[in-house]
Amino acid sequence: MTASTTCARTDLRDIQGNILRGYRHPVAMHLFVRIGDAGRGRAWLGGLVDQVTNAEPWQAKPESTVNIAFTAAGLGALGVPEATLASFPAEFLQGMAARADLLGDTGASAPGRWEDGLGTGGIHAMVALQARSPELLNDRVRAVERALEGGNGELAVVSRQPAARLPEYREHFGFVDGLGQPWVDCPDTGGVYNGQGTPQGGRGWKPVALGEFLLGHADEEGVLPDAPAPDVLGHNGSFHVFRKLRQDVAGFRRFLRQQAATLGATEDLLAAKIVGRWADGSPLELSPDRPDPGMARDPDRNNDFRYGGDAAGHRCPIGAHIRRANPRDALGFDEQMVSRHRLIRRGIPYGPPLPDGIEDDDGVDRGLLFMAAMASLTRQFEFVQSQWLNDGNILSLGTDRDAITGDQDRTGKMTVQGSPPQFLWPLELLTVTLGGEYLFMPGITALRWLSQGV
């Protein structure tokens, strides 16, 4: 791996902390705010700016954090002029709901079925709060809500979305989550481990350029990514995806049991083939026959793998979820096919876990709040979602779908390569989109600029 000096030229105090640093606190709350009066909205923002957690290295992890992002409608509600809004990319201005067909949000995931006002234009800001305890979180939530009071309805929380980590940082289907994050060319913001960067020759890895995630910095092509004008607004900002994904845990368990019986496999192995990792995080590519707990716990080993030596997918299926989401070197052309499509994921589960062994739906809402930061919504999130997860052509998979997220009409299949190959069919509807927003997370200087009026 190669050391970086990028952060020596970057003011981390001006960057919102959750872009480059995962807090991984056990509890979180996401407050969705409507701004009915620009002046009141700017005054509220001005009082919040100094509380926003930045990316400056800490000696001790903060006990609670706060960050804020705005929809396009929210920037307008703060009084940002039309000419300035027009400098933002079209997909951000349109919003996630308008991009539903491209994203595969059809059928049960169609925007007409979304909840809590997500995607309807009524949400202007998302305040994301995390804390090390429910008590500390409640204190931060009450403080934000008190600041919104007294606005004669011109400032209001329109919905709340709590979330909490599950044991061992697992998600509701039972898999350790959050592995495989990109190694950003800014090591002052976290650990640097093998396999998190972009493949580079032999067994080497290189960091992903800071400008792939943060505006105002050079990207993988050595140029500044497109950013809104004026510079004070775009610099050190990032686009943010929020998606509420309901997970059918009981359905996943039934699907594994039924398919494993048909294929003559164990449920654990079949689940690993679907995801690309064993439940404990061991990658199939390195441990195809059984989980390796030691490897799973070692951040310098659990991502240090490639797919180029497994072109046929006999160790890790070509259509496994993590291989589709990040093909690494499997597409050839060195790193150029993947380096422009990385995401920094900041997801967290919501809802209580379904007790082990239960295969009947208990009616409780549970799933994942998928969140990710990037410099380009189209080139990064939308490309991964539409070209890698929902469409098998670029991976030579034809009409195969991602068994975890990609089959909204239950007509697709997944191929498990081998001699002979096996097929999972029909796929079940295991993940449903309940809502989502495209947001812009400004830098700290930009937040102050917005609070003072444009």
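Predicted model: local features only at pLDDT ≥ 70, side-chain atom pairs only at ≥ 80, totals over all residues.
Taken over the protein chain, the average pLDDT is 92, and 96% of the residues reach a score of at least 70.

Helix H2, which spans residues 38-48, has Gly41, Trp44, Leu45 and Leu48 as its buried residues. These residues lie on the same side of H2, because the arc that they cover around the axis is only 100°. The elements against which the buried residues of H2 pack come from several parts of the chain: they are the strands E1 (27-35), E2 (64-70), E3 (125-131) and E4 (155-164), together with the helices H7 (134-148) and H14 (444-451).

The loop between H2 and E2 contains Asp50. With a relative accessible area of 63%, Asp50 lies above the cut-off of 50% and therefore counts as exposed. Although Asp50 and Ile444 are 394 residues apart in sequence, the separation in space between their C-alpha atoms is 8.6 Å.

When residues up to four places away in sequence are not counted, Ile344 touches Ile19, Leu20, Gln181, Pro182, Val184, Phe213, Met371, Ala372 and Ala373. For Ile344 and Asp226, which are 118 residues apart along the chain, the distance between the C-alpha atoms is 18 Å.

The second largest pocket holds about 590 Å³ of space. Its lining is made up of 25 residues, and those that lie nearest the centre of the pocket are His172, Phe173, Gly174, Arg253 and Asp356. Two or more residues of this lining are given by each of the helices H9 (249-263) and H10 (267-275), and H9 supplies the largest share, with 4 residues.

Methods. Residues numbered from 1 in each chain as written. Heavy atoms only, no water. pLDDT = per-residue confidence, 0-100. 1 Å grid on protein atoms, 1.4 Å probe; cavity = no way out; pocket = protein on both sides within 12 Å on 5 of 7 lines; lining within 4 Å. Points joined across faces, edges and corners; volume = space filled by probe spheres on them. Buried < 20%, exposed > 50% of the residue type's maximum accessible area, 1.4 Å probe, protein only. Arc of directions from axis to C-beta. Contact = heavy atoms within 4.5 Å.
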